2 protein chains.
Amino acid sequence: MEKVNLEQKLSLFSEHWSPKIVGELNGQHVKLAKLKGEFIWHKHDHEDELFFVIKGSFKMEYRDRTVVINENEFLIVPKGVEHRPVAEEEVSIMLFEPASTLNTGDAESELTKHILDRI
Amino acid sequence: MEKVNLEQKLSLFSEHWSPKIVGELNGQHVKLAKLKGEFIWHKHDHEDELFFVIKGSFKMEYRDRTVVINENEFLIVPKGVEHRPVAEEEVSIMLFEPASTLNTGDAESELTKHILDRI
């Protein structure tokens with residue numbers, strides 16, 4: 001019931017591709033993350049995933065096209081759809097997705113974060 | 001899988017207290033709304049509700065205290081908690097909540113919106 005300030009929360013971490021939990025409701029998590037560089041191709045078999053850009057921009061690659069997402073824009077990637085986020089410059093994003101969502105979906109690797117910090 | 005630009009969507013309506021659906025994922029809705037003035041006291045028995053401020057600010061009154069929410073801040077109101085949003089000036093917000101959520105919760109009135117536009 002306390003408010004969350006995105007800038008303040010973003011100031012608490014600097015690592016890339018490591019989502020932090022900043023809120024929880026109805027079985028969903030609200031997460032913040034900083035992205036830079038290319039992630040891996042993956043999909044989530046059971047979860048739709050929302051990406052909202054707070055600062056900067058990045059592109060979401062699908063197998064057949066690419067969508068560029070800028071500040072104050074969001075994108076919903078439906079379950080089952082392969083995607084790969086790519087950020088040429090650092091971008092800060094907010095994610096909204098089920099608490100069960102793994103960052104690398106079906107492509108478990110050294111990038112997979114099984115346990116996320118709550119900040 | 002197309003992106004949504006908040007400013008563009010906000011330009012499509014002007015009425016207050018009339019949430020518009022702009023996204024859907026995992027049984028949840030993403031809504032945009034413009035608030036001005038005082039809403040009514042209500043609670044949602046089964047739904048937590050997230051309020052994110054895009055432009056402006058407003059206060060969320062609880063029975064025992066008030067939280068002021070500014071741009072780039074969000075607040076989660078847990079199910080069962082009585083609340084009343086009050087906006088002295090117009091504020092534009094984004095909501096995340098289950099698709100089942102009624103805007104007036106348990107306080108059905110002439111302010112209740114049973115059918116929301118998708119924009």
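Guide: Two strands pair if DSSP finds at least two bridges between them, where helices (H or I, at least four residues) and strands (E, at least two) are DSSP runs numbered from the N terminus. The model is predicted: local features need pLDDT of at least 70, side-chain atom pairs count only at pLDDT 80 or more, and totals for chains, interfaces and linings use all residues. Residues are numbered from 1 along each chain as its sequence is written, and chains are lettered from A and ligands numbered from 1 in the order in which they are written.

Visitor: In what pattern do the helix and strands of chain A follow one another along the sequence?

Guide: Chain A contains one helix and eight strands. Its C-alpha atoms occupy a box of roughly 40 × 30 × 25 Å along the principal axes. Read from one end of the sequence to the other, the pattern of chain A is β-α-β-β-β-β-β-β-β.

Visitor: How many bridges join strand E3 of chain A to E8(A)?

Guide: Strand E3 covers residues 28–38 of chain A and runs antiparallel to E8(A). Within this pairing, A:His29 stands opposite A:Glu97. The number of bridges between E3 and E8(A) is ten.

Visitor: Which residue of E8(A) stands opposite A:Leu50?

Guide: Strand E4, residues 49–55 of chain A, is also joined to E8(A), by five bridges, and the two strands run antiparallel. A:Leu50 faces a residue of E8(A), namely A:Phe96.

Visitor: Which residue of E8(A) is the bridge partner of A:Met60?

Guide: Strand E5, residues 58–61 of chain A, runs antiparallel to E8(A), and three bridges connect them. The partner that A:Met60 has in E8(A) is A:Pro85.

Visitor: What share of the contacts in chain A with a separation of 6 or more comes from residues 24 or more positions apart?

Guide: Two residues are in contact if their C-beta atoms, placed from the backbone, lie within 7 Å. Among contacts in chain A with a separation of 6 or more, the share held by residues 24 or more positions apart is 64%.

Visitor: Is A:Gly105 buried or exposed?

Guide: A:Gly105 lies in the segment after strand E8 (84–98) of chain A. Leaving aside residues up to four places away in sequence, A:Gly105 touches A:His42, A:Lys43 and A:His44. A residue is buried if 20 or more other C-beta atoms lie within 10 Å of its own, exposed if 12 or fewer, and partly exposed in between. A:Gly105 has 22 other C-beta atoms within 10 Å and is therefore buried.

Visitor: How far apart in space are A:Gly105 and A:Pro19, C-alpha to C-alpha?

Guide: In sequence, A:Gly105 and A:Pro19 are 86 residues apart. In space, their C-alpha to C-alpha distance is 13 Å.

Visitor: Which element supplies the largest share of the side of chain B that touches chain A?

Guide: The contact takes 27 residues from chain B and 27 residues from chain A. Several elements of chain B each supply at least two residues of the side that touches chain A, including helix H1 (6–10), strand E2 (20–25) and strand E8 (84–98). The largest share, five residues, comes from E7(B).

Visitor: Which residue of E1(B) is the bridge partner of A:Glu73?

Guide: Strand E7 (residues 73–77) of chain A is joined to E1(B) by two bridges, and these strands run antiparallel. The partner of A:Glu73 in E1(B) is B:Asn5.
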